[in-house]
Amino acid sequence: MVRRPVAWLLALVLLVEGLAIAAINWFLGVVVERQHMSMGGLDPDVMSLSSKVGGILFGLYFLLCAYIALLVALRDRAPAGFGRITLISAAVVHGLLAALTWGLVGWPAFAFMAAVLGLIVLLLMTYDAQKAPETAAGPEPTGEAAPA
């Protein structure tokens, strides 16, 4: 089946992406700090600190998503509850990032974000298809006449 390899690949991609996002934002924070850049009169130290903290939080979010995908791969079960909601939110984030990167960065970054979005959706949908279909016929007949 394709479910477990997709979950393993998604866990790896989200792990690398989380570390890269944290490292890039940390680097940007250091650049702002060393250049004493200011935007609209904001304090450079506040801008530097907010870039570092935001990068760490965003990186931890992607690491949490990677952990959830890893648990899905190890257990070979669909994510439920908090894990499912977290992966759905990661899909929404990647959709928005794909739209932004198309205009700001270019099509290679868009293709990467769209591929990660596709992996998340594939992970969620392949485990949904695993459930047994419900019958549309309704309750089984008991032999009693229905009330009029």
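Reader: How much space lies in the largest pocket?
Author: About 190 Å³. Keep in mind that this is a predicted model.

Reader: Which residues line the largest pocket?
Author: The lining is made of Ile 21, Ile 24, Asn 25, Leu 28 and Phe 58.

Reader: Where does the largest share of that lining come from?
Author: From helix 1, residues 3–35, which supplies four residues of the lining.

Reader: And how many of the lining residues are nonpolar, polar or charged?
Author: Four are nonpolar, one is polar and none is charged.

Reader: OK, zooming out. How many helices and strands does the chain have?
Author: Four helices and zero strands. Going along the sequence, the pattern reads α-α-α-α.

Reader: What share of the chain is buried?
Author: Of the 148 residues in the chain, 29% are buried.

Reader: Why does Val 53 count as partly exposed?
Author: Because its relative accessible area is 41%, and partly exposed covers what falls between under 20% for buried and over 50% for exposed.

Reader: Switching to charges. How many salt bridges are there?
Author: The count comes to two salt bridges.

Reader: Which residue pairs with Asp 76?
Author: Asp 76 forms a salt bridge with Arg 3, and the closest N and O atoms are 4.0 Å apart. That pair links distant parts of the chain, 73 residues apart: Arg 3 is in helix 1, while Asp 76 is in the loop between helix 2 and helix 3 (82–104).

Reader: Is Arg 3 buried or exposed?
Author: Arg 3 is buried, because its relative accessible area is 13% and the cut-off for buried is under 20%. Asp 76, at 25% relative accessibility, counts as partly exposed.

Reader: What about the phi of Asp 76?
Author: Phi of Asp 76 is near 55 degrees, a positive value in a residue other than glycine.

Reader: How do Glu 33 and Lys 52 come out on accessibility?
Author: Glu 33 counts as partly exposed at 35% relative accessibility. Lys 52 has a relative accessible area of 14%, so Lys 52 is buried.

Reader: Last one. How far apart are Leu 9 and Val 116?
Author: In sequence, Leu 9 and Val 116 are 107 residues apart, while in space the C-alpha to C-alpha distance is 9.7 Å. Leu 9 is found in helix 1.

Reader: And why is Leu 9 called partly exposed?
Author: Because Leu 9 has 42% relative accessibility, which lies between the cut-offs for buried (under 20%) and exposed (over 50%).

Methods. Residues numbered from 1 in each chain as written. Predicted model: local features only at pLDDT ≥ 70, side-chain atom pairs only at ≥ 80, totals over all residues. Heavy atoms only, no water. 1 Å grid on protein atoms, 1.4 Å probe; cavity = no way out; pocket = protein on both sides within 12 Å on 5 of 7 lines; lining within 4 Å. Points joined across faces, edges and corners; volume = space filled by probe spheres on them. Helix = DSSP H or I, 4+ residues; strand = E, 2+ residues; numbered from the N terminus. Nonpolar A, V, L, I, M, F, W, Y, C, P; charged D, E, K, R; others polar. Buried < 20%, exposed > 50% of the residue type's maximum accessible area, 1.4 Å probe, protein only. Salt bridge = Lys/Arg side-chain N within 4 Å of Asp/Glu carboxyl O.
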